[in-house]
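Subject: Structure handover

Dear colleague,

Here is the structure for you to take over. My notes on it follow below.

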Amino acid sequence: MKYGLLMHPSIIKQSLEIRLQYDLKSVLTKFQKPIFWLSGEYDFLYRSCTYVLLEIIPHVQYVEIQNAGHLVHLNQSELFL
């Protein structure tokens, strides 16, 4: 939230428009190779993707990092590495 507030409103608007218009589900169902999906515990914007992730791509390996948001590599650098 802290870093999100620093972004210009037009960037937030564009990000949300892409998220609503891009059909991620149809793209992910076509993937045949292993997928490693890493998410932060507080990444609420993209968490909606993970609710049905295993139904869409059963070969996904999903890991959720505690005390991290969308920028896991910044919020929990050591755990990310």
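Helix α1 gives the most to the nonpolar patch, with three residues. The patch on the surface is formed by Met7, Ile11, Ile12, Leu16 and Leu45, with about 390 Å² of accessible area together. Patches are made of residues with over 30% relative accessible area and no salt bridge; like charges are joined within 9 Å, and nonpolar side chains (Val, Leu, Ile, Met, Phe, Trp, Tyr) within 5 Å. Areas come from the Shrake-Rupley method with a 1.4 Å probe, and for residues only the protein chains shown count as cover. Helices (H or I, at least four residues) and strands (E, at least two) are DSSP runs, numbered from the N terminus.

This is a predicted model, in which local features need pLDDT of at least 70 and side-chain atom pairs count only at pLDDT 80 or more, while totals for chains, interfaces and linings use all residues. Residues are numbered from 1 along each chain as its sequence is written, and side-chain values use heavy atoms, with hydrogens and water left out.

Leu45, a member of the patch, sits in helix α3 (residues 44-50). Its relative accessible area is 43%, so Leu45 is partly exposed (buried means under 20%, exposed over 50%, partly exposed in between; 1.4 Å probe, protein chains only).

The count of salt bridges (a side-chain nitrogen of Lys or Arg within 4 Å of a carboxyl oxygen of Asp or Glu) comes to one. Lys13 pairs with Glu17, and the closest N and O atoms are 2.8 Å apart. Both residues lie in helix α1 (residues 9-21), four residues apart, about one turn of the helix. Lys13 is exposed at 51% relative accessibility, and Glu17 is partly exposed at 32%.

There is one aromatic pair. The ring centres of Tyr42 and Phe44 are 6.2 Å apart and the planes stand at 65 degrees, so the pair is edge-to-face. Rings of Phe, Tyr and Trp (its six-membered ring) pair if their centres lie within 6.5 Å; planes under 30 degrees apart count as stacked, over 60 as edge-to-face and the rest as tilted. Tyr42 is partly exposed at 44%, and Phe44 is exposed at 57%.

Two single residues remain. Ser39, in strand β1 (residues 35-40), is buried at 3%. Ser39 touches Tyr62, Val63, Glu64, Ile65 and Val72, not counting residues up to four places away in sequence (contact means heavy atoms within 4.5 Å). Asn67 has a positive phi of about 55 degrees although it is not a glycine. Asn67 lies in the loop between β2 (60-65) and α5 (72-75) and is partly exposed at 48%.

Regards
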